Amino acid sequence: MPDETTQKFDVTKFCLSAYVATFKDTLLGGTDGPPSFKLEPTFFESKCDQAGETVLRKILTGMKIVVSMSMKEIETGMGLILGESGKIQLSDIGKDLFADKGALVLTPIGMPGLKSYRFPGAMLLMETEYKLSGTEEHVLPVSFECVPDANGVIMERVD
C-alpha cells in the first residue's frame, strides 16, 4: 500500500526529455537529454572569534549559473563555437565575452506542461571536447556561463 508521501508525486512532471536550445534568437537545435544547471554562488563570511573560524554572518555577494548540454545537431553547434569567421584563431584571445552575451532559451521537447527556461545574460564558454566518431552516434558538449543582465536577472522560468 503506497504511503502518503509517494502519492504526492506526479510522474508526468518528471523531465525525461531533450530540450531545444536557442541562443540570441538563433536555433541551435535539440539536446541529447536534459541540460544541467550548476548554480555557483559566492559568499563573504564575517568571522569573529579568537581562532577566526566561527562564521557569524554569511552574505551572498554574487551568483552565476553554468548551463551544460550535449547538442545533437553538430554543425549548428560547431558554427556557434567557430563563430562568423568559421575558425578559431589567435585574434580570439582577449575577446570580452560580456560583449557577446545574449539570451539562452531552453524549451522541453514533447513534454506538455513543462516550462521553458531563459538565461538573459548567457555567454558561450569556448571549451568543449568533441570526438569525431563515424561508427556511433555522437554529440557536441557546450557550456554557457550565465550572469545577471541589466535588470539583475540570471535565470527565469517562462511559459
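Modeller: The answers below set each value against its definition.

Colleague: What kind of model is this, and how are its residues numbered?

Modeller: This is a predicted model, in which local features need pLDDT of at least 70 and side-chain atom pairs count only at pLDDT 80 or more, while totals for chains, interfaces and linings use all residues. Residues are numbered from 1 along each chain as its sequence is written, and side-chain values use heavy atoms, with hydrogens and water left out.

Colleague: How many helices and strands are in the chain, and what makes a run of residues count as one?

Modeller: The chain has 1 helix and 8 strands. Helices (H or I, at least four residues) and strands (E, at least two) are DSSP runs, numbered from the N terminus. Along the sequence the pattern reads β-β-β-β-α-β-β-β-β.

Colleague: Why is Asp 25 called exposed?

Modeller: Asp 25 has a relative accessibility of 78%. Exposed means over 50% relative accessible area, buried under 20%, and partly exposed in between (1.4 Å probe, protein chains only). Asp 25 therefore counts as exposed. Of the 159 residues of the chain, 25% count as buried.

Colleague: Why is Lys 24 called partly exposed?

Modeller: Lys 24 has a relative accessibility of 35%, so it counts as partly exposed.

Colleague: What is noted about phi in Lys 24 and Asp 25?

Modeller: Most residues other than glycine have a negative phi. Lys 24, however, has a positive phi near 50 degrees, and Asp 25 has a positive phi of about 65 degrees although it is not a glycine.

Colleague: How do you know that the buried residues of helix 1 line one face?

Modeller: The buried residues in helix 1 are Ile 74, Gly 77, Leu 80 and Ile 81. Seen down the helix axis, they fall within an arc of 125 degrees, so they line one face of the helix. The arc is that of the directions from the helix axis to the C-beta atoms.

Colleague: Which strands do those buried residues of helix 1 pack against?

Modeller: They pack against strand 1, strand 2, strand 4 (55–71), strand 6 and strand 7 (140–146). Contact means heavy atoms within 4.5 Å. In the chain, residues 24 or more positions apart account for 63% of the contacts with a separation of 6 or more.

Colleague: What makes a space a pocket, and how much space lies in the largest pocket?

Modeller: On a 1 Å grid over the protein atoms alone, a pocket is an open set of points where a 1.4 Å probe fits, with protein on both sides within 12 Å along at least five of seven lines; lining residues have an atom within 4 Å of a point. A volume is the space filled by probe spheres set on the points, which are joined across faces, edges and corners. About 590 Å³ of space lies in the largest pocket.

Colleague: Which residues and elements line the largest pocket?

Modeller: It is lined by 24 residues, of which Leu 80, Gly 83, Glu 84, Lys 95 and Asp 100 lie nearest its centre. The elements that give two or more residues to this lining are strand 2 (26–30), helix 1 (74–82) and strand 6 (116–125). Helix 1 gives the largest share, 6 residues.

Colleague: Why is Phe 98 called partly exposed, and which residues does Phe 98 touch?

Modeller: Phe 98 has a relative accessibility of 45%, so it counts as partly exposed. Phe 98 lies in the loop between helix 1 and strand 5. Not counting residues up to four places away in sequence, Phe 98 touches Met 123 and Val 147.
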